[in-house]
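Dear colleague,

I am handing over the structure below, and my notes on it follow. Please read them with the model open beside you.

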Amino acid sequence: MESVASRLAAAQRFGAILFCVGFLVVGVTLFLAPSHAFPSYLMGFLFWMGLTLGCFPVLMIYHLVGGIWAVPIRKFLEAGISTLPVMAVLLVPLLFGFGYLYRWIHPVDLRTAEVLERKEIYLNMPAWLIRTALFFCVWGAQAFLLLRWSRRQLESSDPRPTLALRKISAPGLIVFGLTTSFAVVDWVMSLEPDWYSSIFPLIIIMGQILSALALSIVLARTLLFGADEATPDQLNQLGDLLLTFVMLWAYMTISQIIIIYAGNLPNEITWYLHRMRGGWLSLSWVVALFAFGVPFFLLLFRHLKRAPTWLSGIAGGLLVMHAVCVFWYVAPSFRSSISFDWLDPFAFIGVGGAWVLVFSRQLSHNLRLSTISGQSA
Amino acid sequence: MSSVQVRLHGLTAEFDSAEQLVQAARTVFEQGFRQIDAFTPYPVEGLPEIIGRTKSAVPLIMLIGGIAGAVIAYGMQWYAMAYYYPLNIGGRPLNSWPLFIPITFELTVLFSALAGVAGFLFLSRLPCVHHPVFSVPGFERVSTDQFFLWIEATDPLFDERSVRHLFERLEARTITEVRGK
């Protein structure tokens, strides 16, 4: 227990340092080189925001269906959703970079301008702001309810909190799916405003769930030991769940490719053309191979899912790959040939440092609470 | 009149609870018996491992079936669309792999499922119309509330008297010799 507390304290210091370093660099460049800095910042924000959002559905699925699989990772998911307020604050810098991020503010060419004229009633800055504020209010309310009832559930043996969590989670999943879909349309899909794909938000949501699940599996391996440690059965079920989401993500991704490839319409293929030009195609193959191929194959094997080192290794790989995916979703819209801006890692660690700081703070707070209630019980 | 040659197939022991059966199965396996089987009304956690059924070949059979399905499906589409009767459809390449994926996926699943079912039946030696243990009195209760352990006479360690003693020590409710043609 002591060593967990000291590791979390170290994580907080580490997060604070990363946050300071990252924000110092990115903060200056947001003024000096905004056209470079804003896309990098958006990518950093989207990855860590995805981790926060990914924790919601996993937690709600657990409250609905139950099971022993979520016992080792529940505290990580709950600490994950409590990073929502800091992510709302970290969204603010983006609001000053609309002109550098979203082409629907200033259409660059005639064809886009014509398409966007018809979309203006939805894609305009006030509407974007109102929607995003609304999404954060909805998620905030969900996080508040989930955390409050979860605390009551841990404190007593009363069945009411369990029932309440179930009642929150059933409509909660539907509301969450809708709000997050619309948020993805606003934040990511509108980066290429003349393009649309109705399955794209779900692909992003699957990526978020995968990242959150992968992170909690890695943390369960590195932070828990003794009685808290995940049993082979729990690991097996977590591995199955990971495999399910890897397959769902791949299924939706390939569906989008097939539909757009079969349709072959000018306004739909642009997104893929941008990811095939200038060397981006090679990264597309890396994504296909390492976000689907390799983890899918490894997760088929039962004894790998039951081995803590293997499973956490696969989960860690998936986490890295979904950071690469965020890069792959966003960067080709800004860069015509494959390139890695030196600001990308700074934005990533800047936002990530703040996330890690709040996450580990909340986690050590929750662990202390559960030890106290465990002792009194 | 020809005399029917009756030979001993093995011995069954009947138990009242899953715990007793698991205990007995563990002892029998530790004594070195391998030609053994257990019959229960519902799946008992850990029992297959105790009687030495640790690995199943079904996953491997399903993998082979799946790979065969994928190769056949893609090969069929490639042969028809790109080789035997090439058609220019909307200027796409003849080997338009993204459009071949749905069929390849479906046949992978179909072949692996069929291979799984067939492999399971084959490995379980099913369908089996009759089995010597069916002649054990009260054996039908294995599908409601009784638990049976079975040691086959083909086991190299099998000796009728010592097995009977072993079952008695394990406090079996009934011990039955299974004889037949």
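In what order do the four strands of the open sheet of chain B lie? The order is 2-3-1-4, and the pairing is antiparallel, where helices (H or I, at least four residues) and strands (E, at least two) are DSSP runs numbered from the N terminus, and two strands pair if DSSP finds at least two bridges between them. Strand 2 (36–39) and strand 4 (174–180) of chain B are the edge strands, each pairing on one side only, and from one strand to the next the twist averages 20 degrees.

This is a predicted model, in which local features need pLDDT of at least 70 and side-chain atom pairs count only at pLDDT 80 or more, while totals for chains, interfaces and linings use all residues. Residues are numbered from 1 along each chain as its sequence is written, and chains are lettered from A and ligands numbered from 1 in the order in which they are written.

Seven bridges join strand 1 (residues 7–15) of chain B to strand 4 of chain B in the antiparallel sense, and B:E14 has B:T174 as its bridge partner in strand 4 of chain B. Helix 5 (residues 160–169) of chain B packs on the sheet, where it touches strand 1, strand 3 and strand 4 of chain B, and its direction makes about 5 degrees with that of strand 1 of chain B (axes are lines fitted to C-alpha atoms, for helices over the stretch in contact, and angles run from 0 to 180 degrees between N-to-C directions; residues are in contact if their C-beta atoms, placed from the backbone, lie within 7 Å).

The contact between the chains takes six residues from chain A and five residues from chain B.

Best regards

Technical notes
Contact = placed C-beta atoms within 7 Å.
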